[in-house]
Amino acid sequence: MSRTPHHKQTKTLLHFMKNYLLIILCLLSTKVFAQEGAAIIGKVVDDKTIVPLEYVGIILTHKSDSAKKIGVVTNKAGEFSFSNIVDGNYLIRISAMGYLVVSKSVTVIGKGLDLGTIKLKEDAIALKDVSVAGKYATATIKKDTVEFNADAYKTQPNAAVEDLLKKLPGVIIDKDGSILVQGQKVTRLTVDGKDFFGTDPKTATKNLPADVIAKVQLIDSKTLEAKATGIDDGQREKVLNLTIKEDKKNGWFGNANLFGGTTARYNSYLSANHFAKKMQFAVLGMSNNVSNSSFQYEDLSSFTGGNLGNIFAPPGGGGFSINVNNGRTTIGGSGVFDNSAMGEVTTHSGGVNFSNSWGAKDKLTLSSSYFTYFSEGLGTRFSNVQDINEDDVLRTNEISNRNSDNQAHRFNFKVEYHPDSLTDLLFRSNAILNYTTNINSRDFNTTMDLAGKTNDGKQFLDQRNSTPAFFGELSATRRLKKGSVIIGLNGNQNTFNSNWLNQSIINNYRAGGVDITDLNQQAAQENRSRSTSVAINYIRPIIDKKLNGNIAYIRNDGKVNAQQSTLSYNPLNNTYDTVVPDLSNLLDNRTWTQTARIGLIYNRTQWTYNLGFGFQETGLDASAFNSSGANINNIERKYYNILPRLSLNFRSATNQTLQVNYNANVNLPSVNDLQPVQNNTNPLYRREGNPDLDARKSHRLSVNFNTFSPDNNKYWNGYFLINYSLDDVGNSIVYRDGIQFVQPVNVDGNYYINTGTNFGQPTKIKGLRTGYGINLFVSHGTSFINNEKNVTNRYNFGPNANLSYDIDDKINAGIYISVQYSRVNNSQPGTIDNKYFNFSNSASLSYEFIKNTRISGELQHNGTAGRADGFNNNVFLLNAGFEQYFMDRRITLALKGFDILNQNTNIDRTINGSRIEDIRFNTITRYFYLSLNYKISKAGSSKERSNPRSTVN
């Protein structure tokens, strides 16, 4: 008898589900069955044709404990077998797509059991829908990778990858666009296993269309060292890999968008991508005046190896802080990206990305990208600051207007070469060129709660900065007969140049009168730094590959030349020619560390233990010179430390993971903290370095666990982190006439704790998913206020919940609720505990009520309570509109409104030690716009092919 089309379709779909079933059924295996016992065998065939059925799922469940399960699939002959089954009563369940489920009770008593031939009957109802229901395996697990089928998660037309990721279980996209997977931040994103615009995840998630993605792979990637040597050290980083649909390759895809609106608002955007078998080429472009910027924190961090302080910390002793708010990065005190995205911002940005590989097994791989960014901002900033001052509180109110221009260029280049099967070579380099102009005028006044008004005044500051920075790295790995050798070299050179004009008048109110301070100065800063590093690591097996040992030597050298020159205005000749000694000096600083490390790595089936010690010498040699060139201070320090590290990693067959990591490290003071010179660009906050600082010693412990079930998309994860420091850097603050004079000092006992858990699952209602989470952050810090010790304890606590409802492409809805409670306590007498709430809620709906016509809306609620007067907000931001699709949805015409209720505000709160600052910026409010979007889709082949495997894992 010939087979029916239904049978052929079923076999095709069963073949498609092969890997999925194998993995799911293997995950059901537990140690209960891993004992000596009997075997159960059988064969499965089609009831009508008696043809053996392949890939049929067989699950054996112990009747006394339903949690004890084991699963197998049938082979090409339709045969299956279970081995080492202990005596007992079992239920065996046999299922295949398009067939009725068969369940049998079996009993094992001391000998094997042959179930003979089992015939499966067609499920007529299921066969009607088999082409739909069986089309997508929602998720599969492949060793260290959880793989999601993108087509199983519905998104709106023209959606970006970010919208797709928000629907995946265990994936959270925060307000800044950062990606969290099971509580861990994604550190790298690749497309088909290759870097995309460097390694910044946001560039891809915000710009690639969701409908070109075939698979989303969340990878616990091994370290480069583990991949090169083949010895698993248990360490992992979260990598997100996107695979492109085959029919989108050998062609072009992307989006081109243009909109114009009321109040002269405009936005234009282009994303064009060309992917071949091994080659990738992408172009991005953007121009708008709606404060939409794609230059993110990761863009800056990637150029400095994660240490922004090397480039952006001011050499003259000014305060240094990094803030990310609503996707905007500011680096306070540096002048580089310092509030450059404040207020209403016009942005022009764009870039190109290229990668390709040649030869068998990608013998040579090259990737490179260039990105440029221009912005012009006009901002008004209102702030209310509370500073603890012994038994009184200093309150500062300020209004400032800032014009800011920013220009940045960044380059990435990486090449990998594998001359033979035993050798790997890697070279990468990057560069950043940044130019910033900030013209700022401010009005301020300060008042003590008990003592009354202390001062008021005005300031005009015109500051110009340039920051060229360059980095290069070369590494080589050679696998030997026994073990592997890894050699790494890197170096960077950074320069910070800043020039400013500082004019201010301060009225100091004292008993009986007013003292006026009139300041008119020009200043120049230059910070030139170079650093080099060399590392040699030898790893070899001791007992097979279960026990491995490694020994390493690492040497780091750094040299910084930091100088500041400040000149006062001379009215006699109308020039700036008078040196200000207290604001001028030079610091030469040389640092080095050399570390010898030894360690052991022990691998078991599910556990990896990594234990090691580092023996480290750390040195510092610095000399300070005054404005006349005379030596005023010499600093020579050496530290010797034993630094332990411990890592435990557990990974079960059922995708349960546990990671425990502990390490200790020593960090030398920065030039910013050491240089004994004042920076007075903020007339109310003057900071001076401390050459007597010691190195900071830190201990860090983290615990992460995760469970995920690919068969039902349930997940549960949790995380715990504690960091404890000795000789940490705190501030010593002295108040005089409402002005803070700040100097860094060493303090013991500072720590912070960050912990939380998340849970998510689908419901019984089709298309409805729920997720819940809770987090807690605690910090303990020490400072000195007028030479009196002050301890600041901070607590942040809050739950969150989300709900999503998706029915095909017709209806997409979601609700997100988050409440954060914060409390700040200071030990100084007379201070009041500061308590406040943050609320962040949203609801969205998109409904295609007529074919090719869609309405959509999103209501965001941002609220605060407990802040200073005028800085609490309860804002409802409503964005809504409708879309009409043409030409098979390649063209979208939309009419939309932004902030329809006209309530948008930009309010933020920052807390630093004993200081609480509430800030309000001007921002863009209600406008309506007409948008035209063209979906670029010129595929090279429409034939559906299997997706390429990831090259990241």
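**Note on the predicted model**

1. Mean pLDDT for the protein is 80, with 79% of its residues at 70 or more; pLDDT is the predictor's confidence in each residue, from 0 to 100. This is a predicted model, in which local features need pLDDT of at least 70 and side-chain atom pairs count only at pLDDT 80 or more, while totals for chains, interfaces and linings use all residues. Residues are numbered from 1 along each chain as its sequence is written, and side-chain values use heavy atoms, with hydrogens and water left out.

2. Confidence is lowest in helix 4 (residues 130-133), at a mean of 35, and highest in strand 48 (residues 891-898), at 95. Helices (H or I, at least four residues) and strands (E, at least two) are DSSP runs, numbered from the N terminus. Over residues 1-35 pLDDT stays under 50, and the model has 79 contacts beyond four places in sequence for them; contact means heavy atoms within 4.5 Å. Residues 125-137 also stay under 50, with 25 contacts beyond four places in sequence. Where pLDDT is low, the predicted coordinates should not be read in detail.

3. An open sheet of 3 strands, with mixed pairing, has the order 4-1-7. Its edge strands, strand 4 (79-85) and strand 7 (113-120), each pair on one side only. From one strand to the next the twist averages 15 degrees, with axes fitted as lines to C-alpha atoms (for helices over the stretch in contact) and angles from 0 to 180 degrees between N-to-C directions. Strand 1 (residues 38-46) is antiparallel to strand 4 over 5 bridges, and Ile41 stands opposite Ser81. Two strands pair if DSSP finds at least two bridges between them.

4. The largest nonpolar core has 27 residues, of which Phe148, Leu165, Ile213, Val216, Leu240 and Leu242 touch the most other members. At least two of its residues come from each of strand 9 (145-149), helix 5 (161-165), strand 13 (188-191), strand 15 (213-222) and strand 16 (236-244). Another core, of 23 residues, lies apart from it and includes Val44, Phe82, Ile92 and Leu120. A nonpolar core is a set of buried Ala, Val, Leu, Ile, Met, Phe, Trp, Tyr and Cys residues joined through side-chain atoms within 4.5 Å.

5. Strand 29 (residues 547-570) is joined to strand 28 (residues 513-543) by 22 antiparallel bridges, Arg530 having Lys559 as its bridge partner. These two strands form a hairpin with 3 residues between them, and Asp544 in the turn has a positive phi of about 50 degrees. Strand 29 also pairs with strand 31 (residues 585-603) in the antiparallel sense, over 18 bridges; there Gly558 partners Thr591.

6. With strand 30 (residues 575-579), strand 29 makes 4 antiparallel bridges, and Leu567 stands opposite Val579. The hairpin has 4 residues between the strands, including Asn574, whose phi is positive at about 60 degrees. Asn570, in strand 29, is buried at a relative accessible area of 16% (buried means under 20%, exposed over 50%, partly exposed in between; 1.4 Å probe, protein chains only). Its side chain reaches the backbone nitrogen of Leu572 at 2.9 Å. Beyond its neighbours within four places in sequence, Asn570 is in contact with Thr575, Asp577 and Thr578.

7. Strand 42 (residues 768-785) and strand 43 (residues 788-807) run antiparallel, joined by 18 bridges, with Ile785 opposite Glu788. Their hairpin has 2 residues between the strands, and Asn786 in the turn has a positive phi of about 50 degrees. Strand 43 is in turn joined to strand 44 (residues 811-826) by 14 antiparallel bridges; Ile807 has Ile811 as its partner.

Conventions
A polar contact is a pair of N or O atoms within 3.5 Å; within protein, one must be able to donate a hydrogen and the other to accept it, and residues adjacent in sequence count only if both atoms are side-chain atoms.
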